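These are my notebook entries on one structure. I record below what I looked up, entry by entry.

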Amino acid sequence: AARKLKVIVTRKLPDPVETRMCELFDTELNVSDKPLTADELVDAMSRADVLVPTITDRIDSRLLSRSGDRLKLIANFGAGVDNIDVATANARGIIVTNTPGVLTEDTADLTMTLIMAASRRIVEGAEVVKAGGFQGWAPTWMLGRRLWGKRLGIIGMGRIGQAVARRAKAFGMQVHYHNRKPVSPRIAEELGCTYWESLDQMLARMDFVSVNCPHTPATYHLLSARRLKLLRPHAILVNTARGEVIDEGALANMLAKGEIAGAGLDVYEHEPAINPKLLKLPNVVLLPHMGSATVEGRVDMGEKVIVNVKTFMDGHRPPDRVIPAML
Ligand code: 8YV
């Protein structure tokens with residue numbers, strides 16, 4: 001039998017995933033679930049054939065240059081790979097894979113949750129009740145904004161953006177999107193969505209905007225201070241993708257000044273730090289990066305990792321190899 005690959009996993013994964021990994025590979029788990037320091041990460045990378053990192057591991061070129069030459073595969077537990085310098089890894093002969101597809105529906109669900117929570121004041125209302133503040137119904141109390149008939153602009157029409165579009169359509173919203181290129185005519189017809197080549201023009205016309213693109217050099221601060229100013233005062237902005245896509249400081253200032261109506265954020269520019277201004281605002285719903293956080297989703301992500309590692313071990317090209325040109 002072929003030598004089992006040494007696989008080092010940087011965080012605690014769901015039990016069934018860890019059990020299967022230990023059966024298949026010479027696996028080193030992180031039972032404490034404490035994120036590795038940069039030095040511990042370098043040590044792990046130099047001792048492993050395969051590293052299974054998560055978003056809490058920043059694998060940049062400096063780290064890669066210190067990692068020796070044993071490591072051959074980085075099988076990221078996550079779809080976004082902005083935590084990894086893929087080009088440098090590839091140049092060093094290291095393949096990078098991710099876990100696309102299995103977290104699409106969960107992330108789209110959370111996107112709709114944030115759209116609804118921000119527009120219908122769900123968190124405010126729930127907090128009032130739990131604080132004993134429900135004094136009885138009133139005609140002009142706790143009024144939010146209707147979704148039906150409103151325009152939703154989706155930034156990034158990949159798998160997750162399309163899944164959000166499907167949901168929004170079912171809620172009676174008019175779906176618009178900005179993407180590097182339009183979706184296929186078949187998908188455009190199914191979703192009944194309108195393509196905007198110009199992000200600026202789309203932003204100026206939407207009631208809701210949802211960020212669903214990856215974080216790449218091209219999307220860093222895509223929603224810059226200048227672009228955020230294009231949003232209408234009643235607009236609500238939602239982000240379940242990556243915090244770096246929005247200039248968080250500029251957004252916090254606009255929300256504080258009431259220049260847009262609200263926001264629903266699951267991700268932040270400097271996670272886990274959050275701009276303190278955001279914490280005090282009633283019109284902002286804040287979640288702790290939980291878009292893919294379902295029991296089923298995290299097991300599916302683990303299974304994707306296992307398939308990638310197993311395929312690599314068997315000498316084939318892993319199905320979810322990320323190539324820098326895709327980014
Ligand atoms: C994870 C995510 O929570 O897949 C992604 O890109 O953001 C989330 O599913 C995280 O990245 C796990 O590494």
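Predicted model: local features only at pLDDT ≥ 70, side-chain atom pairs only at ≥ 80, totals over all residues.

Entry 1, a salt bridge. I began with Glu190, which is partly exposed because its relative accessible area is 35%; buried means under 20%, exposed over 50%, and partly exposed in between, with a 1.4 Å probe and protein chains only. The side chain of Glu190 meets that of Arg166 in a salt bridge, 2.7 Å from N to O, the term standing for a side-chain nitrogen of Lys or Arg within 4 Å of a carboxyl oxygen of Asp or Glu. Glu190 belongs to helix H8 (residues 185-191) and Arg166 to helix H7, so the pair ties together parts 24 residues apart in sequence. Helices (H or I, at least four residues) and strands (E, at least two) are DSSP runs, numbered from the N terminus. I also noted one network, in which salt bridges that share partners join Lys6, Glu28, Asp43 and Arg47.

Residues are numbered from 1 along each chain as its sequence is written, and side-chain values use heavy atoms, with hydrogens and water left out.

I found 21 salt bridges in a search of the whole structure. In one of them Arg167 meets Glu105 at 2.9 Å, N to O. Arg167 lies in H7 (residues 159-170) and Glu105 in helix H5 (residues 104-119), so this pair ties together parts 62 residues apart in sequence. Arg167 counts as buried at 17% relative accessibility, whereas Glu105 is partly exposed at 43%. I then looked up Asp49 and Arg70, whose side chains meet at 3.2 Å, N to O. Asp49 is buried at 7%; Arg70 is partly exposed at 33%.

Which residues surround the ligand? I listed Thr54, Ile55, Phe77, Gly78, Ala79, Gly80, Leu103, Arg242, His289, Ser292, Arg298 and Met301, a residue being near if one of its heavy atoms lies within 4 Å. A backbone N or O atom of Ala79 lies 2.6 Å from a ligand oxygen. The protein covers 89% of the 320 Å² of accessible area that the ligand has on its own (Shrake-Rupley method, 1.4 Å probe).

Most residues other than glycine have a negative phi, and most peptide bonds are trans. His289, which is among the residues around the ligand, has a positive phi of about 45°. His289 lies in the loop between E12 and helix H13 (295-313). Asp33 likewise has a positive phi, near 65°, and is found in the loop between strand E2 (26-28) and helix H2 (38-47). The peptide bond from Glu271 to Pro272 is cis, with omega near 0°.

Which residues of H11 (residues 248-256) are buried? I recorded Glu248, Ala250, Leu251, Ala252, Met254 and Leu255. Their cover includes helix H10 (225-228), strand E10 (236-239), strand E11 (262-265), helix H12 (276-279) and strand E12 (284-286). Asp247 caps the N-terminal end of H11, a side-chain oxygen lying 3.3 Å from the backbone nitrogen of Gly249. Gly258 follows H11 and has a positive phi near 75°.

Methods. Contact = heavy atoms within 4.5 Å. Polar contact = N/O pair within 3.5 Å; in protein donor to acceptor, adjacent residues only side chain to side chain.
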